[in-house]
Amino acid sequence: MAPQASAGRRFRAYTSKHLDELTARAGFGEEERLAIRAVATVLPFRVNSYVIDELIDWDAAPDDPIYRLTFPQADMLPEADVARIADLLRKDAPRQEINRVASEVRARLNPHPAGQLQLNLPKMDNEPMPGVQHKYPETVLFFPKQGQTCHSYCTYCFRWAQFVGEPDLKMASDEIDRLVAYLRQHPEVTGVLLTGGDPMIMGEAVLRRYIEPLLEVETLESIRIGTKALAYWPQRFVTDPDADDTLRLFEQVVNSGKNLAFMAHFSHPRELEPDIVREAVRRIRDTGAVIRTQAPLIRTINDSSETWATMWRTQVRLGMIPYYMFVERDTGPQDYFAVPLAQAYEIFRKAYNSVSGLARTVRGPSMSATPGKVCVDGITEINGEKVFMLHFIQARNPELVNRPFFAKYDEKAVWLFDLKPALGATRFPYEEEAPSEPGALVDTPHP
């Protein structure tokens with residue numbers, strides 16, 4: 001393996017077959033590397049030359065935050081599961097047997113959180129629409145078939161099930177005409193989010209096939225692209241062969257009268273440091289597109305207020321708009337990466353307090369849970385009871401949006417469903433009726 005300088009050069013990916021050599025570079029011994037390989041049979045691993053050469057500080061690995069962001073760690077999964085798979089690898093067991101055990105472990109990791117397959121899957125003419133999600137009335141998510149991979153994978157990714165090679169776990173569609181027909185039947189939908197994976201893994205010609213038909217839907221006001229490309233492969237917008245053509249496509253969207261928003265995923269300030277990132281941001285903004293930034297709060301990677309404040313200030317300086325601090329979702333190795341809600345709120349509050357009003361566009365800490373996006377607004381005491389103050393930023397039931405509610409304070413809670421109603425209430429507002437269709441209210445009782 002011969003890593004190459006990446007800026008301006010051809011993309012090169014490293015996968016699990018390179019993992020042993022790369023983790024040796026991080027200083028791990030043979031048994032530790034075996035345990036890491038065991039984790040990588042369950043959760044996906046992919047990194048590229050730009051991340052390897054430009055972002056990771058190998059002198060600080062394995063504690064370097066970008067290393068931890070992209071490389072599996074041996075203790076991300078239950079010890080017994082890791083030991084079982086490591087033993088199979090040590091014995092050079094048949095791949096079929098290793099895959100069977102890995103699938104068993106994946107099934108216990110809640111691969112599709114927030115009811116996305118049961119509650120979010122829309123129908124047209126009584127037929128389900130795979131690769132489409134319609135959770136909130138005004139927004140539809142679309143998973144373009146050729147965009148269901150990434151330039152590199154994040155270890156905490158809540159979409160990890162897209163990348164493990166199990167067709168039953170993957171969401172994808174190439175039926176853009178059917179999506180357009182659905183949008184015309186549902187004029188309440190004003191925005192489409194292309195997601196994955198990462199739509200920017202697609203070349204311009206393929207991306208155009210998905211975007212151009214959307215420009216003909218009059219009721220559509222905005223097109224969003226969820227992407228990590230600015231952090232993991234900014235060459236996509238600067239030096240790739242079709243970079244200029246891609247930017248012309250962005251201009252076409254803006255000139256059509258629709259808003260084009262990049263939902264850019266930055267997890268750590270170091271991802272913003274290379275000059276090529278700044279050039280990529282400038283070029284995208286010059287097309288008229290808006291770049292909004294978001295990421296989850298992750299233990300051992302960005303769990304400090306100074307890290308977030310630095311990110312937000314840098315993003316504002318570059319012309320981007322801080323948008324969300326998320327809470328790590330209840331899927332995959334959540335227990336390994338999750339930050340308790342009480343601590344998350346304090347990190348957000350201290351970071352928010354130390355930036356100017358231009359960066360206070362950010363919202364959080366926010367949980368994208370089954371009933372909607374729930375924000376932790378504060379911790380206070382009411383009538384002698386310590387409580388979390390919460391509200392819905394977005395909800396299946398629009399009547400819940402911006403409606404405050406309260407939960408008993410729990411210093412160990414890491415997710416909405418760890419909480420219990422406060423102030424004498426027996427149910428949360430979202431537990432009042434059962435779901436019936438995408439966008440309907442969901443009944444998910446607290447523990």
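**Reading local features**

A: Leaving aside neighbours within four places in sequence, R283 is in contact with F237, V238, A243, D244 and L247. The model is a predicted one, and R283 is found in helix α11, residues 275–286.

Q: Is R283 buried or exposed?
A: The general idea is a cut-off: a residue under 20% relative accessible area is called buried. R283 has a relative accessibility of 18%, and therefore counts as buried.

Q: Which polar contacts does the side chain of R283 make, and at what distances?
A: One looks for paired polar atoms, N or O, within 3.5 Å. A polar atom of the R283 side chain lies 2.7 Å from the backbone oxygen of F237. The side chain of R283 also makes a polar contact with the side chain of D244, at 2.6 Å.

Q: How far apart are R283 and L247 in sequence and in space?
A: Here one sets separation along the chain beside separation in space. R283 and L247 are 36 residues apart in sequence, and their C-alpha atoms are 7.6 Å apart. L247 is also among the residues in contact with R283.

Q: Where is S173 found, and what does it touch?
A: One places the residue among the elements, and then lists its contacts. S173 is found in the loop between β6 (139–142) and α7 (176–185). Not counting residues up to four places away in sequence, S173 touches P130, G131, F142, F143, P144, K145 and Y210. A polar atom of the S173 side chain lies 3.0 Å from the backbone nitrogen of E175.

Q: Why does S173 count as buried?
A: S173 counts as buried because its relative accessible area is 7%, and the cut-off for that class is under 20%.

Q: Which residues does G147 touch, and where does G147 lie?
A: G147 lies in the loop between β6 and α7. With residues up to four places away in sequence left out, the contacts of G147 are G196, G197, D198, P199, I201 and M202. The relative accessible area of G147 is 0%, so this glycine is buried. Between G147 and V206, 59 residues apart in sequence, the C-alpha distance is 9.3 Å.

Q: What can be said of P333 in the same terms?
A: P333 lies in the loop between β11 (321–327) and α13 (334–337). P333 is buried, with a relative accessible area of 4%. Setting aside residues up to four places away in sequence, P333 touches L43, M76 and T155. The C-alpha atoms of P333 and A102 are separated by 14 Å, although these residues are 231 residues apart along the chain.

Q: How do helices α12 and α14 pack?
A: A helix pair is described by the angle and the distance between axes. Helix α12 (residues 305–317) and helix α14 (residues 341–353) pack at an angle of about 45°, with axes 8 Å apart. That angle makes α12 oblique to α14. The crossing of α12 past α14 is right-handed.

Q: Which residues make the contact of α12 with α14?
A: From α12, the contact is made by S305, W308, A309 and W312; from α14, by I347, F348, K350, A351 and Y352. By class, this contact has seven nonpolar residues, one polar and one charged.

Q: Which peptide bonds are cis, and what are their omega values?
A: As background, most peptide bonds are trans, and most residues other than glycine have a negative phi. P62 lies in the loop between α3 (49–55) and α4 (65–70). Another runs from G364 to P365, and its omega is near -10°. P365 lies in strand β12, residues 363–369.

Q: What are the phi values of D125 and N402, and where do these residues lie?
A: Phi of D125 is near 55°, a positive value in a residue other than glycine. D125 is placed in the loop between β3 (123–124) and β4 (127–128), and counts as exposed at 62% relative accessibility. Phi of N402 is near 65°, again positive in a residue other than glycine. N402 lies in the loop between β14 (385–395) and β15 (404–408), and is exposed, with a relative accessible area of 57%.

Note on methods. Residues numbered from 1 in each chain as written. Predicted model: local features only at pLDDT ≥ 70, side-chain atom pairs only at ≥ 80, totals over all residues. Heavy atoms only, no water. Helix = DSSP H or I, 4+ residues; strand = E, 2+ residues; numbered from the N terminus. Buried < 20%, exposed > 50% of the residue type's maximum accessible area, 1.4 Å probe, protein only. Polar contact = N/O pair within 3.5 Å; in protein donor to acceptor, adjacent residues only side chain to side chain. Contact = heavy atoms within 4.5 Å. Axes fitted to C-alpha atoms, helices over the stretch in contact; angles between N-to-C directions. Parallel < 35°, antiparallel > 145°, perpendicular 65-115°, else oblique. Left-handed = near helix turned anticlockwise from the far one by under 90°. Nonpolar A, V, L, I, M, F, W, Y, C, P; charged D, E, K, R; others polar.
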